[in-house]
Amino acid sequence: MRKTIAVMTSGGDSPGMNAATRAVVRTAISGGARVFGIYNGYQGLVENDMFEMNKRSVSDIIQRGGTILGTARSQEFMTPEGRAKAAENLRERGIEGLIVIGGDGSLRGAQQLADEQNVAVVGLPGTIDNDIWGMDYTIGSDTAANTIIDAINKLRDTASAHRRIAVLEVMGRHSGWLALITGMSGGAEYILVPEELYDLNEIAAEIRSMYEENQKRYVLIVVAEGAGSAIEIGIRLEDKTGIETRASVLGHIQRGGSPTVMDRVRASSLGEQATLALISGVSNVVYGVQHGRIVNVNLYDAVTKKKQLDPEYIRMAKALA
Ligand code: F6P
């Protein structure tokens, strides 16, 4: 059994990271292990910025967005020397295993630490992007999707009042999951994602005919940031259609807020399972949810394979628009 472990949050924060941290800390202590919290992700690990946590260190955080441990994107950790320093800091304190809560970049860092320095790591998928291979859910994705839906509902009111085209840009540099899921559940006419090509001339022609035939009072387009800028798309569409168009960029509002029930429950279960696994000797896996069940995915697979958007959702979003 591993007697001392550490936990960190890394990369872009996501709602539910605190619930996961809370589960890790309380499970470890109940299981007889000591647990250190590392501040500011890999940067804190390289700088030896950590403290021993107790059950009370995680009181009153299950409902809070952000992360009490802080997070960062560390340049130093990107180098082999930085990773050697990070591993050394763990060894000096007798820390035998590490839980990393973060997105694809953070889990890639965990994999390098395991590979080069033989550190025992278990990952938890913490990102609003929901783009980790081998699982259909990541911590924070549900809260972010609900925040976007709230914005879509409001945009629909004003777009309809003015007969305008509304273009909403949501997060997702490399993944269109947020755009797809919110565009579909928000009833968007078009969803633009980095995974799929689109033709703005074709879209403009379709919108023009919808307006001419009086089929639509307004049109809603949801675009993932990786598929183009809402502002530029808005300017081009207004130019091509002659229809008044307004663009909105939701930005970091999507990353904040109190986690939904789903994010709290799943973050708690995943945190518990990952910790039980780590203290009992498991490593090099990521715990996630697939088809409603907790699964563990090989860490190497999780960071090297590319998750695809569900083709059935893509089809349905088009069919029902
Ligand atoms: O990976 C999470 C994410 O929110 C992406 O959707 C987005 O592109 C990126 O982080 C933004 O990063 P930053 O907070 O560094 O601007």
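How far is an oxygen atom of the ligand from an N or O atom in the side chain of Arg-73? The distance is 2.4 Å, which falls under the definition of a polar contact as a pair of N or O atoms within 3.5 Å. This is a predicted model, in which local features need pLDDT of at least 70 and side-chain atom pairs count only at pLDDT 80 or more, while totals for chains, interfaces and linings use all residues. Residues are numbered from 1 along each chain as its sequence is written, and side-chain values use heavy atoms, with hydrogens and water left out.

An oxygen atom of the ligand also lies 2.8 Å from an N or O atom in the side chain of Arg-255, and at Gly-172 it is a backbone N or O atom that lies 3.3 Å from a ligand oxygen. Taken alone, the ligand exposes 400 Å², of which the protein buries 78% (accessible areas come from the Shrake-Rupley method with a 1.4 Å probe).

The residues around the ligand, counted when a heavy atom lies within 4 Å of it, are Arg-73, Ile-128, Asp-129, Met-171, Gly-172, Arg-173, Glu-225, His-252 and Arg-255. By class, this shell holds 2 nonpolar, 2 polar and 5 charged residues, with Gly counted among the polar ones.

Turning to the domains, an automatic or database assignment gives domain 1 (4-140 + 259-304) and domain 2 (142-255). The ligand lies between domain 1 and domain 2, because both give residues to the shell around it. The C-alpha centres of domain 1 and domain 2 lie 34 Å apart, and 14 residues of domain 1 are in contact with 12 residues of domain 2, where contact means heavy atoms within 4.5 Å.

How values were computed: Polar contact = N/O pair within 3.5 Å; in protein donor to acceptor, adjacent residues only side chain to side chain.
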